[in-house]
Amino acid sequence: MKFKQDYFEQLVGYYSQVNPQGLTNPHWLAWSDDAAKLVGLNEPTPQLLQQLSGNAPVPGASYYAQVYSGHQFGGYTPRLGDGRAILLGEAYGPKGYWDVALKGAGLTPYSRQGDGRAVMRSAVREFLVSEALHHLGVPTTRALAVIGSDIPVWRESQETAAITVRLARSHIRFGHFEYFSHSPEGGKDKLQQLVDFTISQHYPDLCCDASGYGQWFNRVVADTAKMIAHWQAVGFAHGVMNTDNMSIMGDSFDFGPFAFLDTFSEDFICNHSDPEGRYAFGQQPGVGLWNLQRLAQALVPLIDSDTLIAALNTYQQHLVAHYLKNMRAKLGLSTDSIGQQQDDFDLALIGELTMMLEQSQLDYTQSLRRFSYIDPQATRSDWADDFVDRSRFDSWWQQYRQRLGDIADVSVWQAQRSAVNPKYILRNYLAQEAIVAVEEGDLQPLHQLQQLLTQPYDEHPDLAHYAERPPKWGQGLIMSCSS
Ligand code: AMP
Ligand code: MG
């Protein structure tokens, strides 16, 4: 990897230098060829294994942990920082630079009560979901590899330590701005330096002046809304939408107890530590705005309030526009003559479908995949048999069919639907099965699942069992925050 060290060199005082604590007996558990290409790597060599497990220096790398704060479950924690992730710098690749981070590489000044480690289970889950979201077209950080070890770590029971090698366009979080706005080590100059750095690195078309700052915040609002619209359309629950887990780039970031929906439910909670459902699936759009409000508050010294408020006021519009774009494609609703009235109608049509899915406890992904093989021109659809309230479905179907209008070629229409409604998602029970196999020394199920998730829209008839709803033991798996 060829590194530049812009954060390290230009933002002295925004991190601590650290030494990684290497893994003993490191071994590759997973590797993404696709992500490797992003940073100019070819294959998982023994030398790279020693380097990325923290046992040998990576040429050209610096080792540092960033400082930030964040709102966690609504309350402000004034100082967090990378407690177990160590940044190496920005690695050059054909599509630009990527921050490389070793998540789980040992103690840092920000580890607080933690041990600086990540357990294999959570490292594998982060790896799988990063790659799964990417191949579903959802903006996300990436994962290059997972490295296992024989270091024992204690969570609810004894587990082993692992490292996820994470790639991100940036590791700067909403919490970075909160820290440098609110903490005694911050202040207007420090905050401004961070904003200038972010803009010059990632928004090269914007200027670092009052008008540029406003435009930049508008972009952050739009990108965050877009990411969350994707989550809602694909049925993804992040689980810990604290402001320290919100990437300034609008990339899905820092995965813990996430889950894809099986049965559709607005109230679905995937995080064991969130009994009140602050981060329930249906709450995510509102939380996205709440988090942007916290970011706006941090930016008050730099950007005038009217500009910040005006930008926040565009959030809903961006969210709805992106959600509608995704959902219209999934349902095959044309975008020929859309306007406010059509938007309202379509939102109601989509909302009625998801409410019926929820009422009938139907699987979200399987239900949408139906659009790749239903007859959209049938006067009555036998899909009605799946719903508890058939007449409700029948009247929905009439409205839907009318909205579709004439379809020139049904098989083309169906093929378009299967290109946007995945057959395969990272269901929690599938991740769990792969993790159990890894614990037993069998990497094949993990690699099979990883491979499948790179082509989620293809049929793969021999692997159709991966598209099934969870077995009884895997229903409503709620993940612990301890990772
Ligand atoms: P998370 O919930 O993973 O986003 O983590 C919240 C904060 O706790 C971040 O500052 C992490 O770096 C830190 N943290 C989480 N787990 C550990 C751990 N095992 N050791 C040290 N710090 C941790
Ligand atoms: Mg985090």
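Which polar side-chain atom lies 3.4 Å from a nitrogen atom of ligand 1? Hi everyone, let's start there, and please keep in mind that this is a predicted model.

The residue is R155: a polar atom of its side chain makes that approach to the ligand nitrogen. Taken alone, ligand 1 exposes 480 Å², and the protein buries 81% of that. As for where to look on your screens, ligand 1 sits in the largest pocket.

Now for the neighbours. There are 16 residues around ligand 1, and G81, G83, R112, D115 and G116 come nearest. Two of these names come back when we turn to the ligand's oxygen atoms. G83 uses its backbone, with a polar atom 2.6 Å from an oxygen of ligand 1. R112 uses its side chain, where a polar atom lies 2.9 Å from a ligand oxygen. If you sort the shell by class, you get 7 charged, 7 polar and 2 nonpolar residues.

Let's move to ligand 2, the magnesium ion.

Conventions:
Residues are numbered from 1 along each chain as its sequence is written. Chains are lettered from A and ligands numbered from 1 in the order in which they are written. This is a predicted model: local features need pLDDT of at least 70, side-chain atom pairs count only at pLDDT 80 or more; totals for chains, interfaces and linings use all residues. Side-chain values use heavy atoms; hydrogens and water are left out. A residue is near a molecule or strand if one of its heavy atoms lies within 4 Å of it. A polar contact is a pair of N or O atoms within 3.5 Å; within protein, one must be able to donate a hydrogen and the other to accept it, and residues adjacent in sequence count only if both atoms are side-chain atoms. Accessible areas come from the Shrake-Rupley method with a 1.4 Å probe; for residues, only the protein chains shown count as cover. On a 1 Å grid over the protein atoms alone, a cavity is a set of points where a 1.4 Å probe fits but cannot get out, and a pocket is an open set with protein on both sides within 12 Å along at least five of seven lines; lining residues have an atom within 4 Å of a point. A molecule sits in a cavity or pocket if more than half of its atoms lie within 2 Å of its grid points. Ala, Val, Leu, Ile, Met, Phe, Trp, Tyr, Cys and Pro count as nonpolar, Asp, Glu, Lys and Arg as charged, and the others, Gly among them, as polar. Donors are N, O and S atoms within 2.8 Å of the metal (3.2 Å for Na, K and Ca); water is not among the atoms, so sites may look incomplete.
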